[in-house]
Every structure is written in C-alpha cells, then in structure tokens.
Amino acid sequence: MLNRLRAVEWVGDWDHVLARVMSRRVLMREYLRRAALWAQEYSAESAWPFFDVSEYVDPGFRLSPETAAELDAYLGRVPGSEIRETCAGAVRLAEMREQNPAALPDLPDLYEPLVLFYERGGEFVRDNAGGLDLTGVSFRPGTPQGNLSTPPFRALNETVLDALDARGRVSYYAVDGPQALLVRRRVVRGERHDELFGPDLRWEPTDRLPETEEAIKGAGLVPLDEIAAAELIGDAVDRASR
C-alpha cells in the first residue's frame, strides 16, 4: 500500500486529471459510502469522512518501526491534513489486515476507492463552502447518514473506470433485452456522439438512441446514473473474463 501511495502524483497534469473526472467522482462517492459504514461500526461519525480508522479498530496497534519511519517520511510530502490522515489509515489498515484479518469487521475495504481516486489524478481540496474540489468537478460530501443510502459501487476495475471517463456531457441508458446493453450520449461542444459499450469492452458508435429525449423515453430506454452504468460495465467485463 505504501508503494502504491508513493507512486501517486499529487498535483497531476490538468488534462490528465480532467480526462478522469467521472471515475474520480464515482470513486469519491463510493469512499464516502464506505467511510460512513466504518464510522457507524465504530461510532466514529464525528471523525467522518477522512480519518484513520485503525485508531478506532485497535487503538493499541502499532506499525513495525521500519514501516512507521518510512510512512512518517512519506507523509511529509503529502498535501493536506485530510489526505495525510487517509494515507496513514490506508497503510495501517492494510498492515492490520495482513497481521490479523479476523480482527476486522465484515465491511468492504475502506480505503481502496480513495487510493484509486488518488492514483487517477492526485489530490482533492476543500472549497470555502465545505465542498470538495475534485479538479474539474465540485462534490458535496453530505452527511454520514446520507451516504449510508448511496448505492454501492463494487466494480473497482480499471477497465470499468476507464469506460466511465469521457469528454463532454454524458447521459447513460439501458436497452432491455436478454442481456442489458448500455448506451450513452455524449455532447461535446454541441456535437452529439451516441455510443454502445460493446462485447470487446469498448465504446462503439450506435444508432440505438433516437434523436430526441422525448423519443428516447418513448422507446423504453431506461436512464441510468453513473453507478448503475458502472455496474453494467462491470457485468460485461465479468462475462468477457469467463
């Protein structure tokens, strides 16, 4: 885990980060959901959302002296107290899981979505209103209770995350059939692109979307949010790997 974090470029290239806005937003949303679950488990709601959960799981836990020294040296190069806190938590929880997995609750890995978020574009910052600036998109964290009801995002797969990222304003739709198909409409500077997520796990041009939004509704296409779209992409990846 520490090696993964060392490879993160905290202040990345602007174009590189903007090309991953959608996946980073989904990953942050999933992290906030998982953080709410862990906070609920350990009555740590006051520390939510960016906290070191290992302090609540086992207050007496300590890293090996060598790893602790390496982590402390690394954290000195990490921007922002909240990011440093989660990086420390990710390393400590990973070590805790390796040493005594039975001591951890049956909850989804807390820090994996956030580490993936960092790997796909680096830091986030707080704005003056308490929101999160994810570089290219603003995000309201909400409350622990509100995030408990967020639909889970389980497909933490690079293919799925890459497939979520696209230029322009994107709308997703499901096409009914024996296997639900996923189509999207992207509008980039007024130019429309209709695409189908095909069996080769790539977006391909399609004529399955009618011209207007009214006609789309009449055709029985089901509008989807990013999480539902990601689940369909994940299903397609699973089928392709069998």
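## Exercises on a predicted model

Glu195 stands opposite Pro205 in β7. The model is predicted: local features need pLDDT of at least 70, side-chain atom pairs count only at pLDDT 80 or more, and totals for chains, interfaces and linings use all residues. Residues are numbered from 1 along each chain as its sequence is written, and side-chain values use heavy atoms, with hydrogens and water left out.

**Exercise 1.** Find the strands that pair with one another and state their order.

*Solution.* 
- Step 1. Helices (H or I, at least four residues) and strands (E, at least two) are DSSP runs, numbered from the N terminus. Two strands pair if DSSP finds at least two bridges between them.
- Step 2. The order β7-β6-β5-β4-β8 gives an open sheet of five strands with antiparallel pairing.
- Step 3. At the edges are β7 (203-205) and β8 (222-224), each pairing on one side only.
- Step 4. From one strand to the next, the twist averages 35° (axes are lines fitted to C-alpha atoms, for helices over the stretch in contact, and angles run from 0 to 180 degrees between N-to-C directions).
- Step 5. Strand β6 (residues 191-197) is joined to β7 by three bridges.

**Exercise 2.** Decide how well helix α7 (residues 112-119) is covered, and by what.

*Solution.* 
- Step 1. Buried means under 20% relative accessible area, exposed over 50%, and partly exposed in between (1.4 Å probe, protein chains only).
- Step 2. Seven of the eight residues of α7 are buried; among them are Leu114, Val115 and Phe117.
- Step 3. The cover over these buried residues includes α1 (2-6), α3 (21-41), α6 and α9 (158-164).

**Exercise 3.** Describe the polar contacts of the Asp165 side chain.

*Solution.* 
- Step 1. Asp165 sits in the loop between α9 and β4 (169-175). Asp165 counts as buried because its relative accessibility is 12%.
- Step 2. A polar contact is a pair of N or O atoms within 3.5 Å; within protein, one must be able to donate a hydrogen and the other to accept it, and residues adjacent in sequence count only if both atoms are side-chain atoms.
- Step 3. The side chains of Asp165 and Arg120 are joined at 2.8 Å.
- Step 4. The Asp165 side chain also reaches the backbone nitrogen of Met22, at 3.3 Å.

How values were computed. Contact means heavy atoms within 4.5 Å.
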